Amino acid sequence: MSAGLDLAYDEDQEAIRSAVDRFCTQHAVEDQARLSGQAFPRTLWRQLAELGVFYPAAPEHPEAGGALAVCAISETLGQHVFPGPIAATYCAIQVLHGDAASAVMDGHALVSLSSAGSTLLPWGTEADLFLVVDGDTIARGETPDAAEPIATLGGETWGRARLKPDATLPASARALIIANIATAAYLTGAAWQLLRATSNHAATRKQFGKTLGEFQAVAHPLADCAIGLTAAQTLARAAACSFDDRATDSALQQARSLAAAAALSARRASLGTAFACHQVFAGIGITLEGPVYHVSRRIRQVASTPPGGGRERDILLNEIGLGGEAP
Amino acid sequence: MNTAFSKDELAFQDEVREFLGDYRELDGFYCQGHKWPEVRAMFRAMAEKNWLALSWPKAFGGMALGPVYEFILWNEVAYARAARNPLAAGIVAQTLIRYGSSAQQRDWLPRIRSGEIHFSLCYSEPEAGSDLAALRLRADKNAAGTHYVLNGQKCWQSYAQDMDYLWVLARSGTQESRGRGISLFICDKHAAGVTVSPLPTLDGDQLNEVFFDAVEVPLAQRVGEENGAWPMIGEALADERHIQFPPGRVRRDLEDMVAWLNANGLGADPVVRQRLAELTVQVMETEMLALKVLEAMVKGVNATVDAAMNKISHTLACQDIARAVLDFGGPEALVSGARPELLWRQTITETIGGGTSEIMRSVVSRQLLGLGG
Ligand SMILES: Cc1cc2nc3c(=O)[nH]c(=O)nc-3n(C[C@H](O)[C@H](O)[C@H](O)COP(=O)(O)OP(=O)(O)OC[C@H]3O[C@@H](n4cnc5c(N)ncnc54)[C@H](O)[C@@H]3O)c2cc1C
């Protein structure tokens, strides 16, 4: 084992994490996650961007912290159930240049990243810039004239419109790695926060004269959640670490499979955590105002938001040499 | 061995299906609160056929037909997604038949049988959920000894906003007496001092908190002995086991989700097919466990363990079906108002209401396997 092995964030990454955490607390971001069908909080999004949170993904700003910073920020945004196209924004910054990239980084342009062939566009009524992911490639899409508003499980209004994809953009593969890292980090951040709240509840609420946590039927599933989330979060951080190791192509290849695994692992672990936490909070957990649902529905929403689906699975199966075509 | 229904039972099933033809669009199973006037009207129409009293003894105007008929009725109603079985005709009526005074039987049973009045179950409290014997809502006799006075709070009451009466468990003994100090009351929901306050839930429906502030309940509305409620509610629950979690609901979930996957072009995906095959097996297992409960009811043997197994299998199957469709359906499955996302939300509640999975597993591990837990 390398003497230098270190899975912790460094000081800079911790600093940006604290700044984002403070910002979210000041703006009571988590409370807004309970609302449905609200207009997208553009001002909040711009203010977040003003903290510089989107710069780390920009290839021309290596000083901004790179993928590890993206990972740290996304975890923190997940902890606060921050709304909006976070992974899509990081993804866009990798493939866009010039004014378009600046507008996205500064929070002035909102990105919608959809899957090829789909007419359901995340934040489609609000977005200024449309990207379409098709396998390993990303193309710019023409801004549709009007998108029909579609209410979604996560409480966000998306849009229905047919997009015409333009030419494929360069650096798509790198962008999709970043998107997977951001998604995985966000999901694990959100689920960890929920798991902590649930553990607190289990440590204090009593039934049958004992705290809930004293029942193994309650404690063990929560322990499983912690194991799954730790693994997923470490995968995301490891993927980011490899991504930032720009020295070799093999590091990028490794980042690609680690990020694919992180995304899949985080989806499974965060959804599993959401369900386990609902179960432990029981009655309180199923109320709209309770401590779980605004997080569980957000986890479900992010887990189904493009990019996603079978692509990551194929990356991993190809890596282990299981027949079929290379993706 | 015989796993088939008799000719008469099958004829009844046909009759129920024909009846439900008129209620195909009702959709009152998930968010009954949104459809209560229509559901109530359907119960009235059922009452005209005396279907709310299928298993009641003839002496109380019932049809004395036994559990298979009730199972068929409520299984078909669940499959049709029309409504959940009303508690009044089940738990409430069965308790009154077994433990009610003749005056209570005369006053309440005809109105229940006709579908005129409905009840909400006031058992759980903020500090007494799984541990129901810890409930605190007080019931004390007034000085004149004519009434009980109820003070305290209940929570998570299904449909209390729409029901006419409350079926209330209250503490009449000391707190330490646990299950031995609890009495059962019928309380008019509109009595002075009762406040029903909504708790909106993630399925788009609501549960309720019910507050009792010096609510006077006549002595005549205590059911059974003072401090004698605990065994009665256990038996009443036992009467309902075959209809509480009918497999028709899970079968219908599977069919609806298959239709959605096909409509969205996902039916040919080998990963989807593999998972759906597993879910189909799960649904069939649930159907068998429901038959086990029914068999125990028919034979008049204790169905506690079978019912616990059925509840776990049923509720996990409907969660797994909804969750799989969300996993496969991508963004399209998130669209509000479509079945997948509604089922995803609604099924979260199923492993909690009516006894949590953890408590059900304890029943199986203790009573079937002789273990702790
Ligand atoms: C949809 C729905 C409808 C409902 N309708 C009604 C109604 O009409 N009337 C009514 O009175 N109530 C109703 N309830 C309330 C329901 O009965 C309670 O929610 C349930 O009993 C759990 O209680 P709790 O919510 O307080 O959770 P808690 O008792 O606090 O339990 C929290 C968690 O701890 C676990 N736990 C507790 N004790 C143990 C143990 N000994 N071993 C292992 N695990 C344990 C539980 O399984 C659960 O996962 C309803 C609930 C729901 C969800």
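Helix H9(A) makes the greatest contribution to the shell around the ligand, supplying 4 residues. Helices here are DSSP runs of H or I spanning at least four residues, and strands are runs of E spanning at least two, each numbered from the N terminus. The structure is a predicted model, in which local features require pLDDT of at least 70 and side-chain atom pairs count only at pLDDT 80 or more, whereas totals for chains, interfaces and linings use all residues. Residues are numbered from 1 along each chain as its sequence is written, chains are lettered from A and ligands numbered from 1 in the order in which they are written, and side-chain values use heavy atoms, with hydrogens and water left out.

In total, 27 residues surround the ligand, a residue being counted if one of its heavy atoms lies within 4 Å of the molecule. The closest are Arg205(A), Ser124(B), Ser130(B), Thr356(B) and Glu358(B). Because the surrounding residues come from chains A and B, the site is shared between chains. By class, the shell comprises 14 nonpolar, 11 polar and 2 charged residues; Ala, Val, Leu, Ile, Met, Phe, Trp, Tyr, Cys and Pro count as nonpolar, Asp, Glu, Lys and Arg as charged, and the others, Gly among them, as polar.

Ligand oxygen atoms lie 2.7 Å from a polar backbone atom of Ser124(B) and 2.7 Å from an N or O atom in the side chain of Ser130(B). A nitrogen atom of the ligand is placed 2.8 Å from a side-chain N or O atom of Ser158(B). Taken alone, the ligand exposes 970 Å², of which the protein buries 89% (accessible areas by the Shrake-Rupley method with a 1.4 Å probe; for residues, only the protein chains shown count as cover). Two or more shell residues are provided by each of helix H8 (216-244) and helix H9 (249-285) of chain A and helix H11 (357-368) of chain B.

Between the chains, 32 residues of chain A are in contact with 34 residues of chain B (heavy atoms within 4.5 Å). Chain A and chain B bury about 2800 Å² between them, 65% of it on carbon and sulfur atoms; buried area is the accessible area (1.4 Å probe) that two parts lose on being put together, summed over both.

The interface includes 3 salt bridges, each defined by a side-chain nitrogen of Lys or Arg within 4 Å of a carboxyl oxygen of Asp or Glu. One of them pairs Arg160(A) with Glu332(B), the closest N and O atoms being 2.8 Å apart. H9(A) gives the most to the side of chain A that touches chain B, with 8 residues.

How values were computed. Polar contact = N/O pair within 3.5 Å; in protein donor to acceptor, adjacent residues only side chain to side chain.
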